[in-house]
Amino acid sequence: MLSIRQLSRSFREGGRVHRVLEDLGMQVARGERVAVMGRSGSGKSTLLNLISGIDTADRGSVHVDGTEVTALREPARTLFRRAHIGFVYQFFNLIPTLDVVENVRLVLELNGVRGASARERSLAVLEAVGLRARAHSAVDLLSGGEQQRVAIARALVHEPQLLLADEPTGNLDEQTAREVLPVLLSLTRSRGATLLIVTHDEALAAAADRVLELREGRLHERAASRAAASR
Amino acid sequence: MRCARSLHSSAALAVVLAGSAQAAVPPGTSVVPGPWVPPGKVTAPAAPGFAEALSVRPFVFPRDHGPHPAFRQEWWYVTGNLDAADGERFGFELTFFRFALVPPEVPLPAPAREEPGTQVASAWRSREIYLAHFAVTDVARGRFRFAQKLERGALGLAGALGEPLHVWIDDWSLGGGEAVAAAGAMRWRLHATQQGYAIELELAPQTPPVLNGENGLSRKADEPSAASYYYSIPRLDVRGRVLRDGRALTVSGTAWLDREWGSGALGVQQSGWDWFALQLNDGSALMFYALRRRDGSRDRHSAGTWLGASGETRPLADVDVAISVTREWRNARGDRYPAGWHIRVPSLALDLGVRPVLPDQELGTTPRYWEGAVDVSGQRDARTLGGRGYVELVGYAAER
Amino acid sequence: MSALRAASLRHLWRHPAQLLLALVGLALGVGTIVAVDIATASARRAFELSLAAVNGAATQQIVGGPRGIDERLYVQLRTQPPEPLLRLAPVVSGYATVGKRVMQLIGIDPFASAALDAGGAGGTAFAVEGVGEVRAWFTAPGSVVMSAATAQQLHIGADGHFALEVGGVTHPATLIGRIADAGPGFDGLIVTDIAQAQEWLGATGRLSRIDLHVAADAAGAALLARLRALLPAGLTLHPTRAAGRETFAMTDAFTTNLRAMSLLALLVGTLLIYGAVSFAVLQRRTTIGVLRALGATRREVLALVLGEAAVLGLAGAICGMLLGLVIGRGLVGLVSRTINDLYFVVAVNEVSVPLTSLLKALAAGLATALAAALVPALEVAASAPQLALARSVLERRAQHVARRLVLVSLSLALGAGVAVSASTHSLLAGFVALFLLLLSVAAVTPAALRALAHGGAWLVAHTSTVARLALADIATSLSRTGVAIAALGMALAAMIGVAIMVGSFRESLRQWLLESMRADIYVSAPGVSDSLERRLDPQVIAALLAVPGIRAHSEGRRVTVDSASGPLDLNAVSLVPASYAGFRFTRGDPARAWAQFRAGAILISEPLAWRLSLAPDDRLSLDTAAGPRAFTVAGVYREYGNDRGEVLMDLREYRQWWSDDGIAALGIYLAPGVSSAAAAGALRAAGHGRQALLIRSNADIRELSMRIFERTFVITRVLYWLAAGVAAVGLVSALLAWELERARELALLRSLGLTPAGTALLVMGQTAFMGVAALLAAIPAGLLTALTLTDVINRRAFGWQIGLHLGAEQFTNALWLALAAALAAGVYPAWRSARLALAAGLREE
């Protein structure tokens with residue numbers, strides 16, 4: 001499903017070149033849930049940006065579902081992203097001028113789904129995250145957990161094959177995180193999407209099929225995760 | 001800020017500048033005002049089309065007191081010494097020049113279109129320009145004042161008429177008026193005004209006209225054209241009023257009239273002259289002009305006329321008269337003028353000292369010249385003799 | 001405090017684009033004021049210099065009626081002066097055409113003029129050093145002098161020969177000298193001898209005036225009294241300066257209008273500075289909050305913000321001055337052309353930059369910036385020390401302000417109404433009303449935009465979330481863009497207003513021309529109207545009228561006469577029955593008015609009636625050749641040809657009172673079936689070889705009038721485009737700032753799948769919507785502005801009544817401006833958002 005080979009990305013900061021990812025390789029199977037852990041600044045977000053085509057790599061390739069994302073140019077990259085990838089951010093990134101259902105529907109409309117079908121699908125996915133009743137609320141009136149659930153709904157409403165989550169619980173208290181996490185996991189599974197979570201929340205990592213650790217630009221398999229996988 | 005001239009003066013100056021480009025004459029030499037030539041750079045021989053003073057002619061009076069339009073230039077020159085009733089003393093100069101712009105036969109430009117019923121040619125078109133100088137020497141107050149007028153000879157603004165004599169510019173005039181009609185005796189009125197002074201005088205000739213030079217033909221240089229017709233009335237009785245700052249003073253005295261006309265100019269080597277018109281108290285009078293050359297020497301064409309007490313006249317040649325300068329005066333600009341003379345005429349046994357009544361009697365016109373009242377004292381045949389007169393000094397001021 | 005300053009400077013430094021655009025806006029505003037100042041000052045200075053050159057030391061002048069003064073009066077004053085040392089000089093003046101250029105022709109007597117200047121007959125420095133050249137001046141045919149610069153402009157060759165045309169007749173002329181040290185006052189002046197001038201101008205026996213120098217003391221006053229007593233009837237003696245002032249005052253309404261237009265540009269600039277400063281404050285709310293929390297006093301914060309504004313104002317003023325110098329140079333030509341078209345001949349060859357206008361610019365820039373910054377400065381200083389305000393709070397506050405501004409707008413409009421209705425003649429009140437109205441537009445525009453955006457968002461809510469998002473964003477952006485939109489709305493309203501006014505005026509003029517041009521062909525002597533030389537040769541008239549096919553003809557003479565109310569244009573006409581229909585009375589009963597007119601009463605045009613507050617049956621005193629005489633006003637008629645107004649009088653009446661039998665123009669009425677072109681040809685042939693004539697059909701004259709009309713409004717157009725330019729710059733600046741601020745939101749949309757092209761489209765669509773919304777708000781306001789311009793400003797400035805005529809073309813300029821400004825404002829942000837580095841844009845706060 002997701003195949004990454006020799007991926008490298010470095011940033012120039014002042015006069016210094018900061019190598020964030022170096023010859024990173026990775027394979028994720030369809031439906032697999034993978035957690036990537038690492039310290040702040042280890043390059044976790046960069047990895048997600050490269051996979052989704054938001055950022056471009058210096059070297060190496062990313063294949064998503066057989067398409068080489070790194071070889072795509074704009075606007076093909078955007079079109080691929082909006083059709084095949086969903087995104088959940090640490091800070092929710094809902095659009096404040098739109099209400100709850102509009103935030104969700106926006107993605108469908110960008111994928112060409114309009115009118116009643118768009119409305120129904122949006123409401124259905126909101127139902128699934130338990131927020132159908134708040135469909136017409138202003139987003140800044142929602143709690144953090146609710147906002148993140150809207151974000152999850154938005155990320156999955158168009159049924160992407162791959163869901164990328166960047167610290168989805170990082171901005172939530174422990175209690176709320178515990179409420180949001182199952183929604184994320186079950187919804188991903190029910191829609192058959194592959195999930196790649198970047199986090200340093202151990203609880204979240206524990207829920208993944210596989211845990212990888214990003215250190216010095218490369219991924220390292222964690223023993224604990226292997227155990228979890230075998231289980 | 002740039003200083004913009006005004007139209008009124010600039011137009012005249014433009015004319016001046018257009019002229020100076022062509023005047024290839026060394027400075028300070030030919031700029032000669034006064035009785036001999038018009039104030040201007042006139043160095044050319046007489047213009048074609050004008051009559052010239054080439055030979056002796058008969059003089060007919062009173063007709064010849066009037067203008068001679070066939071000649072290019074002409075002047076009426078009156079100078080005199082006056083005594084007021086309270087003993088104050090004045091000198092005056094009032095002189096009129098006539099300059100012809102075109103010879104008599106040459107037509108003036110006329111407008112191209114002729115509209116019947118409308119007057120098309122402007123009355124301002126003129127063939128002549130008139131210039132007048134008026135100076136007053138107020139001895140008691142130590143003041144010398146002068147003024148100048150220029151007019152075109154058109155519209156009655158300025159002009160000259162012969163019989164009876166009337167020469168005028170604006171409200172300055174010589175002759176004319178009712179006084180002329182006084183039966184028999186010739187009388188001329190004289191009127192002029194300037195800041196602070198005015199004169200209202202009546203002149204009565206005491207002698208017949210005296211013809212200068214060769215029976216009135218006065219040669220100023222070797223060139224035949226540099227000659228003019230020249231007569232004087234050396235003694236005119238003057239009565240009238242001097243108005244000083246609006247207050248009238250009754251005056252009487254003696255004046256001198258010089259009349260000259262011609263179409264030529266000075267010789268090119270001449271730089272100026274000293275002119276003496278002295279009235280002596282025995283009834284005689286002496287006129288002499290000493291022409292100066294560029295090299296400082298006296299020109300041999302210098303000449304004069306002696307009028308005896310009994311009316312006999314005798315021409316004086318250059319060699320007859322010896323003049324030495326006894327004093328000098330310097331004006332504020334640094335020009336040096338003679339200011340005292342010793343004149344000897346051995347053939348007449350005449351020995352005179354001449355002294356200005358005021359040192360500064362210079363007219364700051366363009367060009368500048370000195371014309372002032374003088375006192376005379378000396379002797380003839382060992383008899384003491386006094387007198388008064390006028391002296392004109394031309395060519396001393398540096399041109400700038 | 002220096003740390004505060006450093007922070008403030010660094011902030012400005014880090015937002016160079018915004019800073020630059022605010023500066024450009026202010027500089028354009030200040031520059032326009034300076035430019036108009038320079039243009040009018042240059043025209044005035046040229047006029048004064050020319051006056052000073054022509055008048056010299058003259059303090060007073062004796063003037064006569066249209067026929068001038070009998071030259072014998074001058075001779076009398078010379079030879080029998082009322083005072084011995086009277087300084088006086090005769091002048092004959094008129095106009096001559098050399099090539100295509102109209103020149104002032106002045107005839108003088110060099111002796112009298114030099115004596116007048118040099119102090120009379122006293123010790124003058126006057127020199128005639130070349131009798132030869134004096135001879136040329138007096139006796140060479142056609143001798144003239146002029147300044148070297150003018151000679152060069154006329155391309156006069158070394159031999160000095162050139163042709164000069166006066167009143168349709170060509171004369172050979174010779175330049176015999178160039179005026180030394182001639183200042184710019186001599187530009188466009190040809191000086192010749194008085195005799196020559198009289199002959200050329202056909203004014204033999206007459207003088208235009210007699211210049212006098214009279215001391216300004218008691219003796220001088222006594223002399224003037226004596227002189228006045230001595231003057232024949234019909235002649236007046238008045239101070240030279242007053243005469244000049246009176247002449248230049250003709251342009252007052254025109255220059256006032258220009259000034260008002262330039263103020264408009266500054267007003268727009270003020271709004272921009274306000275926008276820039278409040279935006280800068282808004283962006284730094286957090287910083288300022290921290291500063292306040294750390295102990296900076298309100299006073300210090302206030303000083304900080306105002307200090308920035310002062311720096312901005314100073315910089316803007318200096319740039320504005322420089323810009324003004326550049327624009328001013330361009331405007332000088334336009335202003336002088338309009339003055340030449342409408343008022344009097346003046347050659348403006350030098351640009352004069354009055355120090356006062358530079359100081360004014362400095363003060364305007366500073367005051368504008370400080371005034372604009374005061375509100376945000378007070379607001380931020382007054383707010384409690386808090387770290388940050390939620391964005392929605394700010395937006396809500398902006399919306400609240402927008403709502404309050406609607407009330408402000410209403411009261412401004414009310415104020416405009418009061419200003420108009422409380423005064424009847426005051427032009428100032430008219431302009432106050434106009435500005436209040438425009439400010440009212442500015443105040444209401446943000447609210448209008450908000451309402452439109454909300455309405456639009458509601459409409460598309462169910463069809464396109466992206467569109468709804470775009471519209472909702474606009475509605476909430478008002479805290480950033482409101483001021484710029486307001487400025488644009490105001491500029492657009494002004495633009496529409498002026499366009500409607502010009503269009504209506506054009507239409508009124510066109511109709512009036514159609515109505516009033518009753519004759520088929522008009523014949524006149526070329527030259528400047530109102531001048532002595534503009535007369536038809538009587539023989540030529542006879543020859544012209546002998547041309548077959550003429551049914552009737554009217555005769556006309558247009559002159560300037562003196563009156564107690566200053567010089568007035570008098571149009572003396574002999575009308576034929578067909579002429580009467582050409583007059584549309586605005587006051588007075590036509591039948592009665594015409595009867596009175598034929599009996600010696602006068603008719604006056606609308607502008608004159610307005611200016612002198614005259615109504616039918618009032619009396620107007622005119623200085624005739626026989627002294628002042630009161631004429632009865634029989635009626636008021638519509639006339640757009642002369643903004644000072646005119647007096648219409650029967651030609652016989654005029655001849656009787658002014659003893660002037662000249663005829664300047666003929667109106668030829670053709671018999672039925674005679675072609676206008678054929679008749680014009682025959683007339684031309686009849687006049688050929690005698691006098692150059694202007695023979696024009698009524699259609700030609702209409703076209704010419706319309707052309708002059710268009711030229712007159714070029715400068716107005718230039719000024720409103722400048723104001724519009726300021727507004728456009730402001731909009732670009734504000735939208736740029738706004739778009740930059742929401743880079744994050746755009747990055748999010750991009751990450752959600754909006755393509756680069758889609759993003760660019762979104763941004764452009766938003767800015768275009770803003771432009772269109774401002775336009776929509778400006779249209780009703782523009783109509784109101786047009787009404788104010790036609791019914792208040794034009795009426796008060798000139799007395800014209802103009803019917804409102806609407807046409808689509810009056811709105812096109814505004815539409816283009818709105819779209820162009822909005823799209824131009826959108827291009828850079830759109831381009832930027834399309835190329836957004838998403839990763840950086842999305843980086844968490």
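## Glu83(C) and its partner

Glu83(C) is partly exposed, since its relative accessible area is 26%. In this predicted model, the side chain of Glu83(C) pairs up with that of Arg226(C) in a salt bridge, at 3.5 Å from N to O. The two ends sit in distant parts of the chain: Glu83(C) is in the loop between helix 3 (71–79) and strand 3 (87–98), while Arg226(C) belongs to helix 8 (residues 218–230), 143 residues apart. Arg226(C) also counts as partly exposed, at 38% relative accessibility.

## A strand-to-strand salt bridge in chain C

Another salt bridge in chain C joins Arg558(C) and Glu646(C), whose closest N and O atoms are 2.7 Å apart. Here both residues are in strands: Arg558(C) in strand 13 (residues 550–561) and Glu646(C) in strand 19 (residues 646–650), so the pair ties together parts that are 88 residues apart in sequence.

Which end of this pair is buried, and which is partly exposed? Glu646(C) is the buried one, with 2% relative accessibility. Arg558(C) counts as partly exposed at 28%.

## Chain C as a whole

Zooming out, chain C has 27 helices and 21 strands. Buried residues account for 59% of its 845 residues, and the chain exposes about 31400 Å², with carbon and sulfur atoms supplying 62% of that area. If you take contacts in chain C between residues at least 6 apart in sequence, 83% of them join residues at least 24 apart.

Glu379(C) lies in helix 13 (residues 355–382) and is partly exposed, at a relative accessible area of 38%. Between Glu379(C) and Leu302(C) there are 9.0 Å in space, C-alpha to C-alpha, although the two are 77 residues apart in sequence. The other spot is a nonpolar surface patch of about 340 Å², made by Leu784(C), Leu787(C), Leu804(C) and Leu806(C). Of these, Leu787(C) lies in helix 25 (residues 756–798). Leu787(C) has a relative accessible area of 36%, so it is partly exposed and clears the patch cut-off of over 30%.

## Where chain C meets chain A

The size of an interface is often given as the accessible area lost when the parts come together. For chain C and chain A, the buried area is about 2400 Å², and carbon and sulfur atoms give 58% of it. On the residue level, 27 residues of chain C are in contact with 28 residues of chain A.

How many salt bridges are counted between chain C and chain A? The count is one: the side chains of Glu102(A) and Arg468(C) meet at 2.3 Å, N to O. The rule also finds eight residue pairs in polar contact across this interface. On the chain C side, helix 16 (465–476), helix 24 (743–752) and helix 27 (838–842) each supply at least two of the residues that touch chain A.

## Inside chain A

Over all chains, the salt bridge count comes to 56. One of chain A's own is between Glu159(A) and Arg191(A), with 3.4 Å between the closest N and O atoms. Both ends are in loops: Glu159(A) between helix 5 (144–156) and strand 7, Arg191(A) between helix 6 and strand 8 (194–198), so the pair ties together parts that are 32 residues apart in sequence. Glu159(A) is partly exposed, with a relative accessible area of 47%, and Arg191(A) counts as partly exposed too, at 28%.

Thr169(A) is found in the loop between strand 7 (162–166) and helix 6 (174–190). Is Thr169(A) buried or exposed? It counts as buried, because its relative accessibility is 7% and the cut-off for buried is under 20%. Leaving out residues up to four places away in sequence, Thr169(A) touches Ala177(A), Asp201(A) and Leu204(A). With Asp201(A) there is a side-chain to side-chain polar contact at 3.1 Å.

Chain B has one helix and 23 strands. Of its 400 residues, 59% are buried. Its accessible surface comes to about 15200 Å², with 52% belonging to carbon and sulfur atoms. Among contacts in chain B between residues at least 6 apart in sequence, 59% join residues at least 24 apart.

Chain B also takes part in a network of salt bridges with chain C: Lys149(B), Glu151(B), Asp170(B) and Asp171(B) are linked there with Arg78(C).

Note on methods
Residues are numbered from 1 along each chain as its sequence is written. Chains are lettered from A and ligands numbered from 1 in the order in which they are written. This is a predicted model: local features need pLDDT of at least 70, side-chain atom pairs count only at pLDDT 80 or more; totals for chains, interfaces and linings use all residues. Side-chain values use heavy atoms; hydrogens and water are left out. Patches are made of residues with over 30% relative accessible area and no salt bridge: like charges are joined within 9 Å, nonpolar side chains (Val, Leu, Ile, Met, Phe, Trp, Tyr) within 5 Å. Accessible areas come from the Shrake-Rupley method with a 1.4 Å probe; for residues, only the protein chains shown count as cover. A salt bridge is a side-chain nitrogen of Lys or Arg within 4 Å of a carboxyl oxygen of Asp or Glu. Helices (H or I, at least four residues) and strands (E, at least two) are DSSP runs, numbered from the N terminus. Buried means under 20% relative accessible area, exposed over 50%, partly exposed in between (1.4 Å probe, protein chains only). Contact means heavy atoms within 4.5 Å. Buried area is the accessible area (1.4 Å probe) that two parts lose on being put together, summed over both. A polar contact is a pair of N or O atoms within 3.5 Å; within protein, one must be able to donate a hydrogen and the other to accept it, and residues adjacent in sequence count only if both atoms are side-chain atoms.
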